[in-house]
Amino acid sequence: MSSNLLARYIWIVDTIRRHGRISRAELDAKWRLSQFSDGGAGLPRRTFYSYRQAIQELFNIVIECDSSTFEYYIAENDSHSESVSDWLLNSVAISDMLSNSRDMAGHIFLENVPSARSYLGLIIEAIRDSHPVRFTYHSYTRSRPTPGVVLEPYFLKIFKQRWYATGRVPADGKIKTYALDRMSDCVALPATFAPDPAFDAETYFHDSFGIVFSHNEAKRIAIKADPHRAKYLRALPLHHSQSEIVHDEYSIFYYRMRITPDLVEEILSHGPRLTVLEPPELRAMVASELRGALAAYE
């Protein structure tokens, strides 16, 4: 998928979403004024229909038409689809802002997301069309790359500036996750696969923080935060299960999550502003990491 085609999908979603409801003629008029119009040409009906189908298949965003008014609108969907839609809208807003502010390039600094450069579009198409992908994987924990990895991709997730693809590996029948920026020589294979109907992406990471999956049981977690860090966690919750009890000089945040290395690293990144109260095993893991860090300086 070309970046230009993805930008067209985003433009359509953004335009309809901002207007709430919009007629085909109004949408066509705005298309003529957009950067995607070929010399002021309109959006052909067949092309619009094709884009609607692709938007639904790729992002589960449904563009409905009200038969009584012939106006188009974004159908209400689940919270995950809403978050994908919001990500799209944020992307197009930033894209438009930067394209219209090239003279401000020296005053705008963005985070680098290298994993989106080479294979994001390829894997999106592979998910949509149910094609396996084959690549060489450069794991950080192995001295040599692993060639010929075949993955049946089920979904994508972004975490801390990196895109990850999760799916089934036919060689061992297991669900695994791979970072796109550690792939090379990635190609889509001509064969097709049928996703496991019992697999649910929402459930897979529902009780986890980050990208590392664990079969361990979700635990009740309590974390004490000073007033400054409490404001941070209110604005950017660690997990959807987050709840808070406010005290005079601190807050206690409660979660229900699996204990994973990603969670331990996140807690450590906040330094002394966060203190794990429970469960004991998570508290011990964080304390052990802190002792190890201190020992490196002694």
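Reply: Tyr 72 is found in strand S3, residues 71-74; helices (H or I, at least four residues) and strands (E, at least two) are DSSP runs, numbered from the N terminus. This is a predicted model, in which local features need pLDDT of at least 70 and side-chain atom pairs count only at pLDDT 80 or more, while totals for chains, interfaces and linings use all residues. Residues are numbered from 1 along each chain as its sequence is written, and side-chain values use heavy atoms, with hydrogens and water left out.

With a relative accessibility of 8%, Tyr 72 counts as buried; buried means under 20% relative accessible area, exposed over 50%, and partly exposed in between, for a 1.4 Å probe and protein chains only. The C-alpha atoms of Tyr 72 and Arg 21 are 5.4 Å apart in space, although 51 residues separate the two in sequence. If neighbours within four places in sequence are left aside, Tyr 72 is in contact (heavy atoms within 4.5 Å) with Ile 16, Gly 20, Arg 21, Ile 22, Ser 23, Arg 24, Phe 48, Arg 52, Ile 63, Glu 64 and Cys 65.

One of these contacts, Phe 48, is among the buried residues of helix H3, along with Tyr 51, Ala 54, Ile 55, Leu 58 and Phe 59. Just after H3, Asn 60 takes a positive phi of about 55°.

Now the rest of the chain. It holds nine helices and twelve strands. Of its 298 residues, 38% are buried. Among contacts with a separation of 6 or more, 58% are between residues 24 or more positions apart.

The whole structure has 16 aromatic pairs. Rings of Phe, Tyr and Trp (its six-membered ring) pair if their centres lie within 6.5 Å, with planes under 30 degrees apart counted as stacked, over 60 as edge-to-face and the rest as tilted. The ring centres of Trp 11 and Trp 31 are 5.3 Å apart and the planes lie at 80°, so this pair is edge-to-face. Trp 11 belongs to helix H1 (residues 3-19) and Trp 31 to helix H2 (residues 24-33), so the pair ties together parts that are 20 residues apart in sequence. Trp 11 is buried at 10% relative accessibility, and Trp 31 is buried at 3%. Tyr 137 and Tyr 178 also form an edge-to-face pair, because their centres are 4.8 Å apart and their planes are at 85°. This pair ties together parts 41 residues apart in sequence, since Tyr 137 lies in strand S4 and Tyr 178 in strand S7 (residues 174-179). Tyr 137 is buried at 9% relative accessible area, as is Tyr 178 at 10%.

Strand S4 (residues 133-137) is mostly covered, with four of its five residues buried. S4 pairs antiparallel with strand S5 (residues 146-159) over four bridges, where two strands pair if DSSP finds at least two bridges between them. Arg 134 has Val 150 of S5 as its bridge partner. S4 also runs antiparallel to strand S8 (residues 183-188), again joined by four bridges, and Val 133 stands opposite Ala 188 in S8.

Elsewhere, ring pairs link Tyr 154, Phe 155, Phe 193, Phe 199, Tyr 204, Phe 205 and Phe 213 into a cluster. The charged end of Lys 157 sits over the ring of Phe 205, 4.3 Å from its centre; the criterion is NZ of Lys or CZ of Arg within 6 Å of the ring centre and within 35 degrees of the ring normal. The charged end of Arg 229 sits likewise over the ring of Tyr 232, at 4.8 Å from the centre.

Arg 229, Ala 230 and Leu 233 are the buried residues of helix H7 (residues 227-235). They cover an arc of only 105° around the axis, which puts them on the same side of H7. Lys 231 and Ala 235 are exposed on the other side of H7. The cover over the buried residues of H7 includes strands S9 (219-225), S10 (243-246), S11 (251-257) and S12 (274-278).

How values were computed. The arc is that of the directions from the helix axis to the C-beta atoms.
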